[in-house]
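Have the sequence and the 3D view ready as you read.

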Amino acid sequence: METITQKRPAVVVAENEVLARTVAAEIANLIQARNAAGLSTVLGLATGKTPILLYQELIRLAQQRTLDFSRVVTFNLDEYYPLESDSPQSYHYFMYKHLFSHIPIAATHTHVPDGTLARADIASYCAEYEQKIRQAGGITIQILGIGENGHIGFNEPGAERESRTRLVTLSDTTRRNAADDFGGETNVPREALTMGIATILEAQKVVLLASGARKARAVQQALAGPVSADVPASYLSLHPNATVYLDPAAASQRR
Ligand code: PGA
């Protein structure tokens, strides 16, 4: 019989600017310490409104400290499918706009799942994505947001603990929330590529950021409810080193 140890993530509550500064400093310190030890730093990155402040702060710190990114490698969580990389809604575009174009990182060191693949190539591509993460030494720190439905990456309710990078169907909630970006829900792709729960849980450290009252219920379920596929963020209780950073509104339903 397998014994699963459950340890709730640590929780930090503060204003968004403070959260962004705290997490950005942690990332910058990690990069500096690992550079000094001759180690690479593998960042698992997220998109969406939530991490924008964090990336702004990381850019500021990178410039202030003239951070060396030559040993930094990044892997993004997800991408819509199908979607061209140069589409303004794509996560390739998002990462370039909000982070990669502002820091001295080689394009060959950044990885975002490819939304332009032929369907027949997806399975092998996803296996290769996992392989590349392993070859890079595994994810040092994984940044996550959370969906109103408790998703992490595009691991929607129902995602399994053992899931890996794969093609998934987006939930109605997720597509509705993306409607504005795409000029209407009908334009939102129905599928996406996402790292899996098992991929995320293998990161050495996991950081989840949430802000706003709309996230409060999912946050409460993830932190206080059972570990369940119904609320994929609840799987973070299976991670030995996860911290959840909440603004007061996102923390408002915590009991
Ligand atoms: P958001 O998205 O940061 O735009 O709220 C988070 C998510 O859905 O994971």
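In strand 8, Leu 193 has Glu 79 standing opposite. Strands here, like helices, are DSSP runs numbered from the N terminus (E, at least two residues, for strands; H or I, at least four, for helices). Before going further, please keep in mind that this is a predicted model, in which local features need pLDDT of at least 70 and side-chain atom pairs count only at pLDDT 80 or more, while totals for chains, interfaces and linings use all residues. Residues are numbered from 1 along each chain as its sequence is written, and side-chain values use heavy atoms, with hydrogens and water left out.

Strand 4 and strand 8 run antiparallel and are joined by 4 bridges; two strands count as paired if DSSP finds at least two bridges between them. On the other pairing, strand 7 and strand 8 (residues 191-194) are also antiparallel, over 4 bridges. Here Leu 167 has Leu 193 as its bridge partner, and Arg 166 stands opposite Thr 194.

Together these 3 strands make an open, antiparallel sheet in the order 4-8-7. Strand 4 and strand 7 (166-169) are at the edges with a single partner strand each, so one side of each has no neighbour in the sheet. From one strand to the next, the twist averages 30° (axes are lines fitted to C-alpha atoms, for helices over the stretch in contact, and angles run from 0 to 180 degrees between N-to-C directions).

Are the residues of strand 8 buried or exposed? Glu 191 and Leu 193 point one way, Ala 192 and Thr 194 the other, and all are buried. Buried means under 20% relative accessible area, exposed over 50%, and partly exposed in between, with a 1.4 Å probe and protein chains only.

The pairings listed here are all parallel:

| Strands | Bridges | Example pair |
|---|---|---|
| Strand 2 and strand 3 (residues 72-76) | 5 bridges | Val 42 and Val 73 |
| Strand 2 and strand 6 (residues 141-144) | 2 bridges | Leu 43 and Ile 141 |
| Strand 3 and strand 5 | 2 bridges | Phe 75 and His 111 |

## Pocket and cavity

Rolling a probe the size of a water molecule over the atoms shows where empty space is left. On a 1 Å grid over the protein atoms alone, a cavity is a set of points where a 1.4 Å probe fits but cannot get out, and a pocket is an open set with protein on both sides within 12 Å along at least five of seven lines; lining residues have an atom within 4 Å of a point. Points are joined across faces, edges and corners, and a volume is the space filled by probe spheres set on them.

The largest pocket holds about 1,100 Å³ of space. Its lining has 44 residues, and Thr 47, Gly 48, Lys 49, Thr 50 and Lys 215 lie nearest the centre. Elements giving two or more residues to this lining include helix 1 (16-36), helix 2 (52-64) and strand 9 (205-210), while helix 3 gives the most, with 5 residues.By class, the pocket lining has 20 nonpolar, 17 polar and 7 charged residues (Ala, Val, Leu, Ile, Met, Phe, Trp, Tyr, Cys and Pro count as nonpolar, Asp, Glu, Lys and Arg as charged, and the others, Gly among them, as polar).

The whole structure has 1 cavity of 30 Å³ or more, and the largest cavity has a volume of about 50 Å³. The lining of this cavity divides into 9 nonpolar, no polar and no charged residues, among them Pro 9, Ile 146 and Leu 208. Helix 8 (residues 216-224) supplies the largest share, 3 residues.
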